[in-house]
Amino acid sequence: MNLDRLVFAFAGLMVLVSVALSLYLHPYWSLLTVFVGLNLLQASFTGVCPAAMLFKKFGAKPGHAFK
C-alpha cells in the first residue's frame, strides 16, 4: 500500500472513530472530524500532511500526492 492510500485510509478511520465516539461518549468528539477535514483540505493545497510524514518515516512507499 502506498503513502496516499495509507493517508486516505487513516483519515477515513479517524472520521469513523470520531463519529462513534461522539455518538456514544460526548458530542465534542465531532471536533476530531473537523480537525481531520481541515487537515485534508490544507494538505490538498500545500502538499504537507503530518500523517504522511509519519507514515513515510515508517517506510511507506511514496505515492503521487505525497512525495
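**View 1. Helix α2 from end to end.** The 17 residues of α2 should span 24 Å at 1.5 Å a residue, and the end C-alpha atoms lie 25 Å apart, which agrees. Please keep in mind that this is a predicted model. The helix runs through residues 30-46, and just after α2 comes G47, with a positive phi of about 80 degrees.

**View 2. The buried side of α2.** Here we look at V36, N39 and A43, which are buried in α2. These residues cover an arc of only 65 degrees around the axis, so they sit on the same side of α2. An α-helix has 3.6 residues a turn, so residues three or four places apart point the same way. The packing partners of the buried α2 residues are α1 (3-24) and α3 (50-57).

**View 3. The exposed side and its nonpolar patch.** On the other side of α2, the exposed residues are L31, L38, S44 and F45. L31 has a relative accessible area of 54%, and therefore counts as exposed, the cut-off being over 50%. A nonpolar surface patch is formed by Y28, L31, V34, L38, L41 and F45, which together have about 720 Å² of accessible area.

View 4. Leaving aside residues up to four places away in sequence, L32 touches M14 and S18. Further along the chain, A43 is 11 residues from L32, with 16 Å between their C-alpha atoms.

Terms used: Residues numbered from 1 in each chain as written. Predicted model: local features only at pLDDT ≥ 70, side-chain atom pairs only at ≥ 80, totals over all residues. Heavy atoms only, no water. Patch = residues over 30% accessible without salt bridge, like charges linked within 9 Å, V, L, I, M, F, W, Y side chains within 5 Å. Areas by Shrake-Rupley, 256 points an atom, 1.4 Å probe, with all protein chains shown as cover. Salt bridge = Lys/Arg side-chain N within 4 Å of Asp/Glu carboxyl O. Helix = DSSP H or I, 4+ residues; strand = E, 2+ residues; numbered from the N terminus. Buried < 20%, exposed > 50% of the residue type's maximum accessible area, 1.4 Å probe, protein only. Expected span 1.5 Å × (residues − 1). Arc of directions from axis to C-beta. Contact = heavy atoms within 4.5 Å.
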